[in-house]
Amino acid sequence: MSITCFIRYEIDPFKREAFEEYARNWGQAIPSCGADLIGYFAPHEGSATTAYGVYTIDSLAAYEAYRQRLREHRLGRENYEFARRERFILKEDRIFLKLASAPHAARIEL
């Protein structure tokens, strides 16, 4: 059974473009390190400070191995350093959840 990691970020509203660059970088690094990236989401309407990252991985054991690969990945290391240097992330919380609603019915186009 896979698990999904939801990361909630509180970002500096004046550095949203930096967060979006950070998100695009993860769009390259995360899949190449073994997780199924659903996406990173930046503020658009409403809150100017809340952003999310969402990816799925096979298990918590697979997550530990993935995190090690991410730390060793060139773009992963550079992106961690970019976030530290630019300080656009004010707070980061992560939670691991399992899909409880499957199987889903087919989507009907109206």
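I first looked up what covers the buried residues of α2, and the cover includes α1 (16–32), β3 (50–57), α3 (74–86) and β4 (89–97). Here buried means under 20% relative accessible area, exposed over 50%, and partly exposed in between (1.4 Å probe, protein chains only). Helices (H or I, at least four residues) and strands (E, at least two) are DSSP runs, numbered from the N terminus.

I note that this is a predicted model, in which local features need pLDDT of at least 70 and side-chain atom pairs count only at pLDDT 80 or more, whereas totals for chains, interfaces and linings use all residues. Residues are numbered from 1 along each chain as its sequence is written, and side-chain values use heavy atoms, with hydrogens and water left out.

**Entry 1: the whole protein**

I counted three helices and four strands, and from the N terminus on they run in the order β-α-β-β-α-α-β. The C-alpha trace spans about 45 × 35 × 20 Å along its principal axes. Of the 110 residues, 34% count as buried. Among contacts (heavy atoms within 4.5 Å) with a separation of 6 or more, 69% come from residues 24 or more positions apart. The accessible surface (Shrake-Rupley method, 1.4 Å probe) comes to about 7400 Å², and carbon and sulfur atoms hold 53% of it.

I also looked up the charges, with Lys and Arg taken as positive, Asp and Glu as negative, and His and the chain ends not counted. There are 16 positive and 16 negative side chains, and the centres of the two sets lie 3 Å apart; each charge is placed at NZ of Lys, CZ of Arg, CG of Asp or CD of Glu.

**Entry 2: helix α2**

Helix α2 covers residues 60–72, 13 residues in total, and reaches 19 Å from its first C-alpha to its last, close to the 18 Å expected at 1.5 Å a residue. The expected span is 1.5 Å times one less than the number of residues. I found Y63, Y66, R67 and L70 buried in α2. They lie on the same side of α2 because they cover an arc of only 105° around the axis, the arc being that of the directions from the helix axis to the C-beta atoms. A61, E64 and E72 are exposed on the other side of α2.

**Entry 3: helix α3**

Helix α3 has 13 residues and reaches 18 Å from its first C-alpha to its last, close to the 18 Å expected. Its buried residues are L75, G76, N79, F82 and A83. Their arc around the axis is only 120°, so they share the same side of α3. The buried residues of α3 pack against α1, α2 and β4, whereas R74, R84 and R85 are exposed on the other side of the helix.

**Entry 4: N79**

I then took N79, found in helix α3. N79 counts as buried because its relative accessibility is 0%. Apart from neighbours within four places in sequence, N79 is in contact with Y22, N25 and W26. N25 is 54 residues away along the chain, yet its C-alpha atom is separated from that of N79 by 6.8 Å.

I located R87 in the loop between α3 and β4. R87 is not a glycine, although its phi is positive at about 55°. With a relative accessible area of 61%, R87 is exposed. P103 is in the segment after β4, and a cis peptide bond with omega of about 0° joins A102 and P103.
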